[in-house]
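Here is a short briefing on one protein model. Keep the structure in view as you read.

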Amino acid sequence: MSTMSTDEKSYAPLRPTGYMEQFNIIRNHVKFYNNFQVSATYTIPRSALRTPDLASFKSLIYSTLRETLKNQPILNVLIEDEGTPKPKWKRAETIDLQEHVKIMEHNPASSPDAWLTEGHAERLDRVDEIPAWRVRVGVQELDLVATKSPTLSFLLAFYGHHAIVDGVSCGAFHMTFLEALNNLIENPSSITTSPLIRTPPNLQLILSLEEATPLPISIWFAIKQIIKAFIYNPTDPNNWSGPPIPSSLPTVTPNLRTFSLGPDTVSQLIQKCRENSTTITALISVLTARKIAEMHPSHTHLAGVIPFSFRKFSGHGPRAMGVFVSTVTPYFAFEANPPRGYISCASAPDDRPDGRDNEALWESARQTRQFIAAGSASSKDQMVGLLKFPNDLKSFFLGMWGKKRDHAFEVSNVGAVDGGIGAAAAEGGKAWFDRMVFSSGLCVYGDPFSVLVVSAKGGHLTVSVGWMSEVTEEREGVALCEYLNKWMSGLTEEDN
């Protein structure tokens, strides 16, 4: 029998996993989900490199990650008893960054779609041996040795397990990484070549969502959900959500298409949304519903799911890394006069991206914003609050085989992440990023379309459209991406 070492006995115990964390741990264990990522295109002063070569660049990345991990405890843990009802956090004694980081040849100015998709296809496994996150860095070797250029650009993608991070947390990773990077630029003596990190014995995780805030469930809400789950949940024949979930574990092929809007266009679109009392998230949701309905005219109804941050209730700040989200589910109807409880996503005859009216679109976007605001106004009766009730999450997931998917699409918006553009412009000699991408990969029971949004404060806004080849045809994924690009760009030209 093995005995606990003196060092292990001195380790501070880690808090239990929360219900949301357990949900995501077990979902990955049964291979129903893999990872998601947020990437950023960084620009650094060339003086940050000791020598113009890959070895010096690698040392800078490793040293920055070392400092990042000091400030983000969740990146230092393993998952123990992953396949049990009560998985646990365990402190990783040592982290070898060579297990987590891949630095490869890639032009950061080129399309990131295929490069990011490769990362989604790599499983986050061995979670009991190494922490459940990975980093991919794309840089051109020619840029590393181009000493005449005063700056160097590279693309860094952070892939995380949904038990340790949500979308906003991935943005927090990049803000933490950027701060650490700038500190090292100012104090290069702290840069080290070692990829090994010894985690502190007094490691403490921040509170889980359930520890930080009550999630009250009313009896009527609970009864309604129990009836839907176990007794009676009628299927709407007019509702489209793609093909049913397969009856056994499939091969899943992730796909990704992105487009970006420049700072001026983003500012104009935000202003346009404000003038029409709505938000970019609500607008994208309606546009997505419209295009899907147009592509599937035999159905008139569809549901979307929109995650929203729970940090205003839990008290976690924008730099905290963890899982602090819930969702709302708006229902759309491709009808001018939708049934009660539905939002119209029908197009008016004179609607066009550069048109001066588009009132039907803006009215639907206003209703969607109001729906999101109402659903996210309280911590009471949230779907995340129901996660404490299932006794066997593994059976819950495996019970999905062959069933209808819940939604046609997801729209998730991380918001604007501060990439230090203002500080770099004001002070000079600093690192910064002005472009980001938010995307997700494998989800066996996932929605046919995933529309994820992130922007760098003062920089570009990027929309990614993701789908799985086994669920959605490529032409539809590409068509949706092109449609969103056309409308989001065109709406800023209405008054021109």
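At 6% relative accessibility, Cys481 is classed as buried. This is a predicted model.

**Cysteines**
- The number of disulfides in the model is 0.
- Cys170 takes part in no disulfide, and its nearest cysteine sulfur belongs to Cys443, 16 Å away.
- Cys170 is buried because its relative accessible area is 0%, and buried means under 20%.
- Cys481 is in no disulfide either: the nearest cysteine sulfur is that of Cys273, 18 Å away.

**Helix α15**
- Helix α15 covers residues 474-490, which makes 17 residues.
- From first C-alpha to last, α15 reaches 24 Å, close to the 24 Å expected at 1.5 Å a residue.
- Cys481 is one of the buried residues of α15. Others among them are Leu480, Tyr483, Leu484, Trp487 and Met488.
- An α-helix has 3.6 residues a turn, so residues three or four places apart point the same way.
- Which elements cover the buried residues of α15? The cover includes the helices α9 (263-275), α10 (280-295) and α12 (359-375). It also includes the strands β9 (254-261), β16 (449-456) and β17 (461-468).

- Ile223 sits in helix α8, residues 219-231.
- Is Ile223 buried or partly exposed? Ile223 is partly exposed, because its relative accessible area is 32%.

Notes: Residues numbered from 1 in each chain as written. Predicted model: local features only at pLDDT ≥ 70, side-chain atom pairs only at ≥ 80, totals over all residues. Heavy atoms only, no water. Helix = DSSP H or I, 4+ residues; strand = E, 2+ residues; numbered from the N terminus. Buried < 20%, exposed > 50% of the residue type's maximum accessible area, 1.4 Å probe, protein only. Expected span 1.5 Å × (residues − 1). Contact = heavy atoms within 4.5 Å. Disulfide = S-S within 2.5 Å.
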